[in-house]
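Subject: Structure handover

Hello,

Here is the structure we talked about handing over. Please open it next to this message.

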Amino acid sequence: VSRQLKEEIRRGFARLEEPLAGLLAMLESSSDWKGKGRSLSHCITSELQLWIKEHPAVPQSGPKLQELQARVLGMLSQCPANLLEPLISIFQLHTADRSSLLQHVTHLHLQGSYKEAAILSIKLKLQPDQDVEKLLQTLDTWCDPSFNIRDITRPYQGLSRYKPEKFNRRVLGKLVFRLLERFNVDPALCPNVINQRHLRTLNYLFYKRFVEKTMTEENWADHIQSTVGDNRWLQAQLLQALLRHCDARGAARWAHHCRLPPDMLPQPLAKELQELHIQDRVEEVTKADNSEASKKKDCYQLPIPRENIHFLQRWEETLQCWEKVLQPGQVVGVDMEWKPSFGMVGKPRVALLQLALEDEVFLLDLPRLLEQAEAEGQKEKFPHFIQMLYSDAAITKLGYGMSGDLSSLAATCSAVRDTEKQMQGVVDLLALHQQVDGLSPEHSHEHRGLRQPEKGLSLLVQHVLGKPLDKTEQLSNWEKRPLREEQILYAASDAFCLLEIYKRLCKDPESFGLGSDLAESLVGKQSKKPKAKKQLNKQEAPSPSGQECQGARREPSRPPAPISPQEFSVVCDNMLQGLGRYLRCLGVDVRLLDNEDDHRKAAEIARQEGRVILTSGLPYQTLRSQVGEGRCFSVNCSEKAKEQALQVLQHFNVQVSLGDIFSRCQ
């Protein structure tokens with residue numbers, strides 16, 4: 001805009017008695033400001049905004065300003081983005097009556113002008129005053145299976161950054177759940193989103209039972225019934241899933257077991273249900289039980305007698321437990337169980353706390369104990385015990401993923417939320433797991449062809465003790481009482497195996513690729529800082545690239561010649577998908593393993609396509625022997641993707657230029 005035009009505009013303002021009313025009259029009689037780009041109206045509006053700052057006496061107030069504000073509000077929904085803020089500033093809309101502003105935004109919303117309503121809400125800072133429940137109800141109606149989401153997105157198809165595939169029921173559902181949790185709204189307000197989440201839970205449960213075959217019948221049926229309940233829509237989805245995964249007799253048996261209304265069943269299934277005999281069901285259940293028993297023989301067996309497992313539900317019963325656990329020099333295996341939430345709102349609440357000693361295990365019924373303490377006016381009992389246990393450096397506490405357990409414990413009892421800051425004498429075996437070398441072939445159980453690949457604590461138990469954990473009770477309903485015998489044995493095993501792993505690693509650390517002073521260094525170093533997982537990684541693995549760098553320290557070598565990202569091709573193991581995406585953005589040729597892929601697939605791809613393998617933890621030991629020297633690199637899983645990428649680039653001397661960034665993808 002020329003300087004002469006700006007001066008003329010300012011002289012025009014100075015001659016007007018009411019510059020604000022004059023601007024509004026001009027905008028109402030013109031339409032050039034409705035288009036994109038810098039129009040004459042935009043130029044005049046911007047100059048008035050600057051002129052008002054230089055003449056603070058000009059702005060109006062009182063009824064006259066309120067009238068102008070009401071008029072300009074009707075124009076804002078048609079304004080391009082570059083006019084919104086100048087008009088809001090000129091007409092002092094931040095001082096306008098908020099009920100009027102909210103009413104206007106609600107009107108836009110009812111008209112279906114969702115984008116305009118959202119932009120105005122943000123610009124006028126109305127979010128704290130808006131009815132979140134109405135917003136959630138609107139989002140929920142968009143998640144109704146009969147609603148066509150394209151009706152919402154169609155007006156925006158011409159936008160350059162419009163990606164229709166990013167706007168779907170799954171994305172909307174995640175947004176709704178975040179809002180439900182943030183504003184503590186009753187989930188019943190959003191039945192469509194809840195139904196969709198329950199449907200995904202149903203699909204997951206069917207996968208666990210009929211595809212992966214890692215869930216017992218009783219656990220599966222328990223979760224199915226609690227997920228579906230009396231919801232007719234979910235009952236119909238359950239019926240369809242049964243027909244997909246079972247034959248007619250099996251579907252009829254499960255339909256009866258899950259209490260599906262007879263009027264929902266198709267005629268062939270209803271007929272099959274009538275023909276089912278009690279003996280048939282007994283034989284099938286017995287057959288399944290025998291199959292489950294044969295699987296358990298291949299798993300870790302609890303080495304203590306059943307009478308040494310104590311299930312405690314009253315505070316009077318816990319006195320002996322406290323006395324033994326809090327002894328100086330004691331080593332305690334700590335684990336926790338909670339009912340699976342399957343992605344529903346809220347953090348899981350601990351239903352069982354397991355404390356394992358050398359020859360016995362205590363299982364604490366936490367909901368009952370907390371309820372009793374509150375009824376007796378002694379709510380401090382449990383927090384006091386937890387504080388004494390975790391802050392005592394003379395007691396060694398063993399766990400696997402302690403940070404997650406303590407987070408759930410804090411959600412169950414808010415008084416223990418600062419426990420992690422006071423921890424001393426703790427050993428998180430999850431962090432140690434990433435440093436344990438693979439075992440010799442005679443200890444390997446990879447030949448169990450029909451078993452699902454082990455992971456987590458079960459994998460560590462398999463590598464150190466020779467057999468994996470039986471995880472069939474992992475997804476039990478841990479809040480249901482009484483606990484079944486299988487649940488009690490599972491919970492005790494989960495805690496007791498920590499003691500056996502620790503004892504074995506401390507007895508012979510060098511055979512697992514660990515330092516000879518393991519017992520002393522673990523407890524001493526982890527006690528200094530609260531974040532046990534990361535602290536352990538940093539102390540026990542000084543080099544960021546784990547086992548790869550241990551070999552490098554023994555035999556130093558020259559750094560490789562510099563290469564560009566275009567010359568560097570890798571295959572990322574499935575625990576490093578974030579690293580893979582980050583490297584791809586830097587121009588590296590990356591292939592990613594899917595979550596269900598076996599780690600050994602990385603070696604096949606590396607050999608066929610000449611790629612470097614990026615992996616972490618135990619798979620490194622297996623994979624590095626299957627490719628050439630220097631073609632497998634172990635990354636520290638406790639670091640973020642950016643730090644991991646820097647380690648990889650530095651190790652292989654990859655030089656990234658500005659032109660490489662986003663050269664492979666956008």
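This is a predicted model: local features need pLDDT of at least 70, side-chain atom pairs count only at pLDDT 80 or more; totals for chains, interfaces and linings use all residues.

Nonpolar cores

The largest nonpolar core has 36 residues. Within this core, Leu 23, Leu 76, Leu 87 and Phe 91 have the most contacts. At least two core residues come from each of these helices: H1 (3–15), H2 (19–28), H3 (40–54), H4 (62–76), H5 (81–90), H6 (98–111) and H7 (114–123). H4 gives the largest share, with six residues.

Once neighbours within four places in sequence are set aside, Leu 23 is in contact with Ile 44, Thr 45, Leu 48, Leu 87, Ile 90 and Phe 91.

Helix H22

Helix H22 is mostly covered, with eight of its ten residues buried. Just after H22 comes Gly 466, which takes a positive phi of about 100°.

Salt bridges

Over the whole structure, a search finds 29 salt bridges. In general, side chains of opposite charge can pair when their charged atoms come close.

- Arg 249 and Glu 272 meet through their side chains, at 3.4 Å from N to O. Arg 249 lies in helix H14 (residues 248–257) and Glu 272 in helix H15 (residues 267–275), so this pair ties together parts that are 23 residues apart in sequence. Arg 249 is partly exposed, with a relative accessible area of 28%. Glu 272, at 16% relative accessibility, counts as buried, because the cut-off for buried is under 20%.
- Arg 481 and Asp 365 form a salt bridge at 2.9 Å, N to O. Arg 481 is in the loop between helix H22 (456–465) and helix H23 (485–507), and Asp 365 is in the loop between strand E4 (361–364) and helix H18 (366–375), so the bridge ties together parts that are 116 residues apart in sequence. Both Arg 481 and Asp 365 are buried.
- Arg 600 and Asp 598 also meet in a salt bridge, with an N to O distance of 2.9 Å. Arg 600 counts as partly exposed at 35% relative accessibility, and Asp 598 counts as partly exposed at 31%.

There is also a network: Glu 218, Glu 473, Arg 484 and Glu 486 are joined by salt bridges that share partners.

Surface patch

Which residues make the nonpolar surface patch of about 400 Å²? The patch is made by Val 656, Leu 658, Ile 661 and Phe 662. Phe 662 is found in the segment after helix H30 (641–651). With a relative accessible area of 47%, Phe 662 is partly exposed, because exposed would require over 50%.

Regards

Key: Residues are numbered from 1 along each chain as its sequence is written. Side-chain values use heavy atoms; hydrogens and water are left out. A salt bridge is a side-chain nitrogen of Lys or Arg within 4 Å of a carboxyl oxygen of Asp or Glu. Helices (H or I, at least four residues) and strands (E, at least two) are DSSP runs, numbered from the N terminus. Buried means under 20% relative accessible area, exposed over 50%, partly exposed in between (1.4 Å probe, protein chains only). A nonpolar core is a set of buried Ala, Val, Leu, Ile, Met, Phe, Trp, Tyr and Cys residues joined through side-chain atoms within 4.5 Å. Contact means heavy atoms within 4.5 Å. Patches are made of residues with over 30% relative accessible area and no salt bridge: like charges are joined within 9 Å, nonpolar side chains (Val, Leu, Ile, Met, Phe, Trp, Tyr) within 5 Å. Accessible areas come from the Shrake-Rupley method with a 1.4 Å probe; for residues, only the protein chains shown count as cover.
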